[in-house]
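Work through the exercises below. Try each task before you read its solution.

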Amino acid sequence: MFAAFAWTILAAGSLTLLLALGALVLASVLGLALAYGKLSRRRWLMRLVQGFTFVIRGIPDLVLMLLVFYSLPAAINQFLEWTGSDLWVEFPPFWAGMFTLGVIFSAYMCETFKSALQNIPRGQLEAAQAFGLHPRRIFWRITLPQLARLALPGFTNNWLVLVKATALVSLLGLQDVMFRAKGAAEATGQPFTYYLIAGGFYLAATLVSTFALLALARRLEQTNQAGRT
Amino acid sequence: MNWDVVVENLRLYAQGAGLTIWLTLLSLSAAFLLALPLAFLRNSRSRFLRRSVIAYTTVFRGTPLLVQLFLVYFGLAQFELLRGSFLWPWLSSPLVCALLVFVLNSGAYTTEIFAGGLRTIPKGEIEAAQAYGFTPLRAALRIFIPGMLSRSLPLYGNEMIMLMHATSLASTVTLMEITGVARNITLNYYIQLEPYVAAALIYLALTAILVAAVQLAERRFANFLRLDH
């Protein structure tokens, strides 16, 4: 029985990791766009991004999730009712969870990418412009490789926080590691055992990520020193 | 819209905000006192002490706070021995469990922040203290601790905000802080939008106050570290 319950908890790890990876992709893309927005010379754009990151980082993740899972559909449905439509909106929980986590962590990624972008040596970009490289080529060949190296420590940190933050979706009914652990704990009356297994899963995930990203950082450092990028 | 529901329950929100602030301040103070000696042990020359502190910070920073909270609040009931002991009246109280977990969790993050601050104290200051014949206690009080605190202020400020947001998880163990109050109102009145928005606004205001306080402290205590003046 123990093995069966332990297995259902660990099997839900695929959902946890899929959720975290999906949110990471969204957070990275959105975060990079926001970072450019924050560095923009257009005042209104900068202010807008500043306001966005302040609001997201000023509200607990749990409250933001409750807002997206419960308040947002309620607001949309109130509006639909007011317009006289019979439509009824309900968000699929998995996508809502991924979207919320992605948006939350885009605010953190924005800060990481912003300082990385500011630390790319000016001369490299100027040299690329002097060679008449197309802006898109400059982005892929100069900016992005430098950004990857400079932003990696902050990126790693954000990823570790993100993996742990996914545990909150269990409170909203998504069947992740934590949700299954709760199920097993209630079914067997051995909460400590099964929450410990869940904790072990998250610890393993963060430790593996830390070592993998550390190895990647070392590699990027080496290629940079060899002058290959 | 149902904003009058929020207005009617302003008293509850005020009590909730009071509990949030109380939980935050109490956990922060205890975590600070825990992290102060641990930061020194984290940099200790004894491998055993260093490794023990690293094990503690790794486990508490590598698992979600929600798992830790559930392990303590629901998990400890699994042990017959504990349930019969004189500690049980405390360990079965959600308030004590939440505080215990917040202190241990924040203590782990704060230890790493302070230990990092200690490592960046210039060698010259330490040598100067030795040259003046400071006793270890005097050196700690006059050189290490002030240097460590002023250098960790930006990261420590972040940790204070993180902890304040983390207290929202106390609502999952029945505590009526801001999030718990909002959750209760949504359940009692069958409205999903306004209670959570109100909670978010309170957190936003508290965060803004905390950010301003940290900035003030930075200007007062860490101004000498800034390069641009």
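This is a predicted model: local features need pLDDT of at least 70, side-chain atom pairs count only at pLDDT 80 or more; totals for chains, interfaces and linings use all residues.

Residues are numbered from 1 along each chain as its sequence is written.

**Exercise 1.** State how many helices and strands chain A has.

Solution. Take helices as DSSP runs of H or I with at least four residues, and strands as runs of E with at least two. Chain A then has nine helices and zero strands. Along the sequence, the pattern reads α-α-α-α-α-α-α-α-α.

**Exercise 2.** Find the buried share of chain A.

Solution. Buried means under 20% relative accessible area (1.4 Å probe, protein chains only). Of the 229 residues in chain A, 45% qualify. Next, count contacts, meaning heavy atoms within 4.5 Å. Among contacts in chain A with a separation of 6 or more, 78% join residues 24 or more positions apart.

**Exercise 3.** Check the span of helix α4 of chain A against its number of residues.

Solution. Helix α4 covers residues 61-82, which is 22 residues. The expected span is 1.5 Å times one less than the number of residues.

**Exercise 4.** Locate the kink in α4(A).

Solution. The bend at a residue is the angle between axes fitted to the seven residues ending there and the seven starting there. In α4(A), a kink of about 35° is centred on V68(A). Just after α4(A), G84(A) has a positive phi of about 85°.

Technical notes. Chains are lettered from A and ligands numbered from 1 in the order in which they are written. Side-chain values use heavy atoms; hydrogens and water are left out. Buried means under 20% relative accessible area, exposed over 50%, partly exposed in between (1.4 Å probe, protein chains only).
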